[in-house]
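Welcome! Let's take a friendly look at how two parts of one protein chain meet. Keep the structure open as you read.

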2 protein chains.
Amino acid sequence: MRQQKVEFKSKAVEYIFDASFAMLEELFPKEKLVLITDENVFQHHSSKFEGYKTITLKAGEEHKQQNTVDHIINQLLQWQADKQTVIVGVGGGVITDMAGYAASIYKRGVKLVQVPTSILAMVDAAVGGKNGVDVGSYKNQVGTIYQPEFILFDYSFLPSLPEAEWINGFAEIIKHACIRDKAQFDFLAGKNISNFRNDPKLIASLIEKNVSIKISIVLKDEMETGDRKLLNFGHTVGHAIEATYNLPHGHAISIGMVLAGRISESVNNFTAYEQQQMTDLLAQYQLPVSFSFDKEKVWEILINDKKRENDTMIFILLNRIGEAGIFPISLSKLNNIIGEMLK
Amino acid sequence: MRQQKVEFKSKAVEYIFDASFAMLEELFPKEKLVLITDENVFQHHSSKFEGYKTITLKAGEEHKQQNTVDHIINQLLQWQADKQTVIVGVGGGVITDMAGYAASIYKRGVKLVQVPTSILAMVDAAVGGKNGVDVGSYKNQVGTIYQPEFILFDYSFLPSLPEAEWINGFAEIIKHACIRDKAQFDFLAGKNISNFRNDPKLIASLIEKNVSIKISIVLKDEMETGDRKLLNFGHTVGHAIEATYNLPHGHAISIGMVLAGRISESVNNFTAYEQQQMTDLLAQYQLPVSFSFDKEKVWEILINDKKRENDTMIFILLNRIGEAGIFPISLSKLNNIIGEMLK
């Protein structure tokens, strides 16, 4: 077990790596805990939930909607859960998002613990305090920034994770490498998913490295007025196609990164050679690097993105592999670029 | 116009007293503003809303529910309101609560301006950053603490306020006097509602005095871990009967204060003479001081109150008029006391 305390502006968060789920009972009185999970996690790890009040949600992004939050709130009220309740999100990004959001609004905020069970939630969704709920097809239109008290990384959840979820998680790991860490990019280029799936120590160390990349960026800019935006690399077009075509998050942002790379070539001197390197790495980790989509449909979602400011979209582009920057692009120029690319 | 900047932990808030609604246009570009109001306010002041994107809600506490928030969010998305949007709550406490909540969750938080139009909202609901939405009969079970950028006090809204709303507002003003300000209590004892309704300067100065009482308490304890709880005097039983019997907020907390005063007599040496003074003052301002209710029904709501901690209810009791304290009372003892009182 390795423990790291991170002082965010709003509160201090304890990151506990290589932790055991059973630690929960040591942290808080069991009767104050309410666990939120999904049917998949519950099915594979039902013994872990024994003796806990547990809300088990249907699995899948399509349930990350307000009516699921309503269900959580009603269940908490039925249990007469008071202001000293601790909500624990046990699952992938959909679950940690909804648990985080519910904790931030129930009785104007109760304590929160996150237990991410997927690679993606461990390296990204559960780290940094952002949560969100979709509104129809629009991703994360509602949410808060709310830090948990603890994040427990229990790697015993990983063996039951389907391969598709490993692939999903590596999209965010490659993103971190592209925007911040050339050494990690080169390291990843020498490996593949099987290497990590078959070596618990290797994946543990990769996860911890990526958590620290994300923390270092978030710490500088918790409220996302500057550098935190870099983490949105690949996420603007990514979110739009994810919502429209119901793609896995990792697939959507992989395609989003390829497109953002091409925009970086076109307006930011990012080289074709590096673009090829990035595309190759994504493909090596079994992520899609091309996709045909309906430009009009995607555009409509795109212009409702949180990163739009009036007639400008804030786009994250690469200067080179390992270094990203923030670029405002006018909607009309963006429309042209995307039109050109999709010809 | 008098302006006061208050530095809360999360942000600085500008309180602008004796302001004009028209100032809004000077503070932000008109096209970034989205006004939220109710049918009553809109009807009486429709000219003020000309040229603004306005969401007009049905009036009344029964609409302070999640489905109304859903409606606000959907309207914002339809208008493609971006992260630079400024939400402006123009109304009584129900409106400032819902506008504040919507601003705190839309795109993980956009800017907020409050324009309270009732006495109650001016001296209480719009001040201090708390917002809330009811869940069925349970008051404010969901919400956040989220400070606005500005609070505009435009007294030109007051002449159209019905008498019942003046009475409502004085419940909170008397509460402030009881918990913190004996001099204000004595001052109020020499006046009545008509005196204030007929003297714009007198009510303006009373409002500003009460805003400063509330701010001084909130500033010490923004997140309500200690002294801010004092503001809940009369609100525990008050909220329970308000929800159950659909009473106006001021009526409910007037009765709640009478009950809390009697509990103060029974466990805290508050004198019968002072209890009579408080009851007389509430009656002088046309507030109800007795009510017969179904103990079982009220009890069920009471035990879901946010101020319950396990088997204890945090109750605010008076030491004397002008001074309150925080007292944990076990649920069993509370049940006995309330049972005795309602015999």
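Chain A is assigned two domains: domain 1 covers 2-160, while domain 2 is made of 172-191 + 206-341. Please remember that this is a predicted model. Taken over C-alpha atoms, the centres of domain 1 and domain 2 of chain A are 26 Å apart.

**Where the domains touch**

- On the domain 1 side of chain A, 28 residues are in contact with 25 residues of domain 2 of chain A.
- About 2400 Å² of area is buried between domain 1 and domain 2 of chain A, and carbon and sulfur atoms give 61% of it.
- Within domain 1 of chain A, the residues that lose the most area to domain 2 of chain A are Val123(A), Tyr138(A) and Lys139(A), which together make up 25% of what that side buries.

**Charged and polar links**

- There are 4 salt bridges between domain 1 and domain 2 of chain A.
- Lys139(A) forms a salt bridge with Glu242(A), and their closest N and O atoms are 3.0 Å apart.
- Polar contacts between domain 1 and domain 2 of chain A come to 10 residue pairs, both residues being at pLDDT 80 or more.

**What the domain 1 side is built from**

- Strand E1 (2-7), strand E2 (12-17), helix H5 (119-125) and strand E8 (138-142) of chain A each supply at least two residues of the domain 1 side that touches domain 2 of chain A.
- H5(A) gives the most to this side of domain 1 of chain A, with 5 residues.
- Sorted by class, this side of domain 1 of chain A has 14 nonpolar, 7 polar and 7 charged residues.

Definitions and conventions: Residues are numbered from 1 along each chain as its sequence is written. Chains are lettered from A and ligands numbered from 1 in the order in which they are written. This is a predicted model: local features need pLDDT of at least 70, side-chain atom pairs count only at pLDDT 80 or more; totals for chains, interfaces and linings use all residues. Side-chain values use heavy atoms; hydrogens and water are left out. Domain bounds come from an automatic or database domain assignment. Contact means heavy atoms within 4.5 Å. Buried area is the accessible area (1.4 Å probe) that two parts lose on being put together, summed over both. A salt bridge is a side-chain nitrogen of Lys or Arg within 4 Å of a carboxyl oxygen of Asp or Glu. A polar contact is a pair of N or O atoms within 3.5 Å; within protein, one must be able to donate a hydrogen and the other to accept it, and residues adjacent in sequence count only if both atoms are side-chain atoms. Helices (H or I, at least four residues) and strands (E, at least two) are DSSP runs, numbered from the N terminus. Ala, Val, Leu, Ile, Met, Phe, Trp, Tyr, Cys and Pro count as nonpolar, Asp, Glu, Lys and Arg as charged, and the others, Gly among them, as polar.
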